[in-house]
Structures are given as C-alpha cells and as structure tokens.
Amino acid sequence: MKNIAVFCSGNGTNLQAIVDAVESGYIKANMALMVCDNPSAYALKRAKKAGIEIFLLTPKGFKTREEYDRGVIKKLTEKKIDLVVLAGFMRLLSPYFIKKYKDKILNIHPALLPSFKGTQGIKDALDYGVKVTGPSVHFVEEGLDSGPIILQETVEINDADTEETLAERIHEKEHIIYPKAIKLFIEGKLKIEGRKVKIS
Ligand code: GRF
C-alpha cells in the first residue's frame, strides 16, 4: 500500500475530503502523515480526529527554506512517503524538496491555471470579471502553480457572487477532483509527457 502525506496550513477541508475518500476505500492508500506549519490550523483537529499522525513543524528558528524542508523530508523518509499532497499549504517548497520528490507532489489551486496564480486565485478571478473559473490539480515543479495539469473543473461566476459564495462552490468541486486525482496517481494511471498529463 502506498503512503500519502497531506500538507496543510489552514482549514483542511481538502484534507477531510481525502481522509473520507481513503476511509471509504475510494483511494486505496495509507494516510500516513499530516504535515503542518501552523499551530492554529483547524486541519490539525481534523487529522487528530481521523487518527492520522501529525508532524507539526513551525518555520521559526529555521534559517532557510531548505533547512526547514530537510526537517520535513527526514520525517517523510522515516514514514516511507510515496506521495506528497499539498492541500492549502501556504509555504513554497524549496528546489531541494521538489527535486527529491520529483513527480510525486500534487497541489490544488482554486483557479483555472495558468490564470490567477498565487495566493488569491478566487478573489483575483472575481475581480477580473471572468465568467468561468474553477479548481486545478497539478504536479508541482519549481515555478509557482506551474506544473503539468492533471484535472480541472469549472464553476460559473454569477453577478451576485461574493468571494465567499464563489469560494464555497469552488471548494465543492475541489473536494471531488482532488480525491479523484490522488486515486489516479495511486493506481499508476498518470503519465507526464512534457507539459501534458496522460490519464489511462
Ligand atoms: C483551497 O482553496 C486550495 O485550492 C488552496 O487552498 C485552499 C485550501 O482549503 N490551495 P482547505 O484548507 O483545504 O479548506
């Protein structure tokens, strides 16, 4: 059975969706670890409730990004992690980390990449006035939100939408496509060919 580590900094609704998908048998893998950089993240409570081992490492005291990442990697190695799932993890990974787990790191972004990269993908789409947005699951490489895209889903934007109402509909779709992408990875059905991800 493959071992998954989910990285979170905040609410953890995606973590919850992944945990539920593992518990129901939809994803046949082991939820081996939850990594967190923020002691007040609600995701910690979710992991605890689900009985998942937590590795809380605050960035304080680490001089560089790589030094912090080496601390995380030590734990991932110990737990024999096969897949790193970023789910609202608000830290950039160092090139060292990305190389070490090449093609084994997934991220979810709340906009249709390559549009609206960065930390405000929902607000930026709304402010820009696009009529359609939606989440993207992609492999992680060194550029921000730039790796090959695995799955995307669309959400229409209405005139009455606020950031909150739009976020709610985007999150609903995230909770469907993230477990689906993880399932595909675990079953060996994703093949990266340049910028493209072939799904078998
Ligand atoms: C999601 O909107 C995801 O797209 C972005 O961070 C948010 C995390 O939400 N990367 P949650 O912590 O899973 O509820």
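Predicted model: local features only at pLDDT ≥ 70, side-chain atom pairs only at ≥ 80, totals over all residues.
Residues are numbered from 1 along each chain as its sequence is written, and side-chain values use heavy atoms, with hydrogens and water left out. Local features need pLDDT of at least 70 and side-chain atom pairs count only at pLDDT 80 or more, whereas totals for chains, interfaces and linings use all residues.

An open sheet of seven strands is arranged in the order β3-β2-β1-β4-β5-β7-β8 with mixed pairing, where strands are DSSP runs (E, at least two residues) numbered from the N terminus and two strands pair if DSSP finds at least two bridges between them. Because β3 (54-56) and β8 (149-152) each have a single partner strand, one side of each of these edge strands is left without a neighbour in the sheet. Strand β7 (residues 136-139) runs antiparallel to β8 and is joined to it by three bridges; in β8, Gln152 is the bridge partner of Ser136.

Helix α6 (residues 163-186), a DSSP run of H or I with at least four residues, lies across β1 (3-8), β4 (83-86), β5 (105-109), β7 and β8, contact meaning heavy atoms within 4.5 Å. The helix runs at about 165° to β5, with axes fitted to C-alpha atoms, for helices over the stretch in contact, and angles from 0 to 180 degrees between N-to-C directions.

The largest nonpolar core has 36 residues, and those with the most contacts inside it are Ile4 and Ile182; such a core is a set of buried Ala, Val, Leu, Ile, Met, Phe, Trp, Tyr and Cys residues joined through side-chain atoms within 4.5 Å, buried meaning under 20% relative accessible area (1.4 Å probe, protein chains only). Helix α6 gives the most to this core, with seven residues.

Definitions and conventions
Buried < 20%, exposed > 50% of the residue type's maximum accessible area, 1.4 Å probe, protein only.
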